[in-house]
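Subject: Structure for you to look at

Hi there,

Here is the structure I promised to pass on. Please open it alongside this message, and my notes follow below.

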Amino acid sequence: NRQYLRQLPAACERIIVPSVLFGERLRAELPGRAARNIVTLRNFIPWDVEQAHEDFRRPGWVRAPLLFFGRMDKHKNPLILLDALASLEQRGDHRFFALLCGPQSPEIDMQEAIDKRGLQAQVMVVPPIPFSATNDWLRLVKDCGGIYVSPSQGESFGLAAAEAISVGMPVLLSDIAEHRFLVDGRGDDFVFALDSVSTLAEKIVHIMANYQESSAVMEQSRERFSSSAFMEDWQAMLEELEQ
């Protein structure tokens, strides 16, 4: 998806990226571009700006949702969440269900994957949520004791994970640099190796046992992507362009 960046004409003076880490990656991939041509404008979630919220009726879920929120393709990698849920079920821990929300991809036959693991009664698949309703949707899932899980194999920023963190929902994220940035160095409890289903299952149990403490850590981590941080970068970018 970044191939087009190698073909940009010289007249394109700036490439604006959503995170410092992604900028560093592009500098390595685009040696022909001067360092100053790649500018960071940190992505943000406006949790620190007053917003109106819809008053959704809370679902009567008996189990706690493990939320996957995004494209259901091989890159976003939702199957490891199903594997972790199946592992929990096999050990007799029936407190959770998988809540899969987002567009499906022809790369993965999700119904076949669910049937193969015998999870027909433990998985709910729902269509994509409109962008304008994302914040209220995540608040609802969090109020139901939800945990956000992202097994993605790569991110430029991790916007959906940042949105979950911004409402105080505990997260479990694949161990990539962009995800570690979002949890502000507190990775040991909130990241997992993609090749370890058992670790993901164990961390789900750990977070559920320490839900309020984990939620408090999320509210600390969200400082890294506040609207004020975005405005600092925006102002610096404008000043640099004026020079």
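In what follows, contact means heavy atoms within 4.5 Å. Please also keep in mind that this is a predicted model.

With that cut-off, let me begin at Ser150, a residue of strand E6. Leaving aside residues up to four places away in sequence, Ser150 touches Glu155, Leu172, Leu173, Ser174, His179 and Phe192. Is Ser150 buried or exposed? Its relative accessibility is 6%, so Ser150 counts as buried.

The sheet

Strand E6 belongs to an open sheet of six strands, arranged as E5-E4-E3-E6-E7-E8 with parallel pairing. At the edges sit strand E5 (123-126) and strand E8 (191-192), each of which pairs on one side only. Strand E6 (residues 147-150) is joined to strand E7 (residues 171-174) by three bridges in the parallel sense. One detail you can check there is Val149, whose bridge partner in E7 is Leu172.

Helix H4 (residues 134-143) packs on this sheet, where it touches strand E3 (64-69), strand E4 (96-101) and E5. The direction of H4 makes about 150° with that of E3. Helix H8, for its part, lies across E3, E4, E6, E7 and E8, and runs at about 160° to E7.

Strand E3 deserves a look of its own. Six of its six residues are buried, so E3 is largely enclosed by the rest of the structure. Which residues cover which side? Ala64, Leu66 and Phe68 are buried on one face, while Pro65, Leu67 and Phe69 are buried on the other. E3 pairs with E4 in the parallel sense over six bridges, and Pro65 stands opposite Phe97 in E4.

Helices H2 and H8

Two packed helices are described by the angle between their axes and the distance between the axes. For helix H2 (residues 79-90) and helix H8 (residues 197-209), the axes come within 9 Å and cross at roughly 65°. The two helices are therefore roughly perpendicular to each other, and H2 passes H8 in a right-handed crossing. On the H2 side the contact is made by Ile80, Leu81, Asp83, Ala84, Ser87 and Leu88, and on the H8 side by Val197, Leu200, Ala201, Ile204 and Val205. Sorted by type, the residues of this contact are nine nonpolar, one polar and one charged.

Leu79 also lies in helix H2. With a relative accessible area of 25%, Leu79 is partly exposed. Not counting residues up to four places away in sequence, Leu79 touches Ile108, Met110, Ala113 and Arg117. Leu79 and Pro151 are 72 residues apart in sequence, yet their C-alpha atoms are 8.5 Å apart in space.

Helix H5

Helix H5 (residues 159-166) is mostly covered, with seven of its eight residues buried. Those buried in H5 are Ala160, Ala161, Ala162, Glu163, Ala164, Ile165 and Ser166. What covers them includes E3, H4, E6, E7, helix H6 (177-182) and helix H9 (211-221). Just after H5, Gly168 takes a positive phi of about 85°.

Best wishes

How values were computed. Residues numbered from 1 in each chain as written. Predicted model: local features only at pLDDT ≥ 70, side-chain atom pairs only at ≥ 80, totals over all residues. Heavy atoms only, no water. Axes fitted to C-alpha atoms, helices over the stretch in contact; angles between N-to-C directions. Helix = DSSP H or I, 4+ residues; strand = E, 2+ residues; numbered from the N terminus. Parallel < 35°, antiparallel > 145°, perpendicular 65-115°, else oblique. Left-handed = near helix turned anticlockwise from the far one by under 90°. Nonpolar A, V, L, I, M, F, W, Y, C, P; charged D, E, K, R; others polar. Pairing = 2+ DSSP bridges. Buried < 20%, exposed > 50% of the residue type's maximum accessible area, 1.4 Å probe, protein only.
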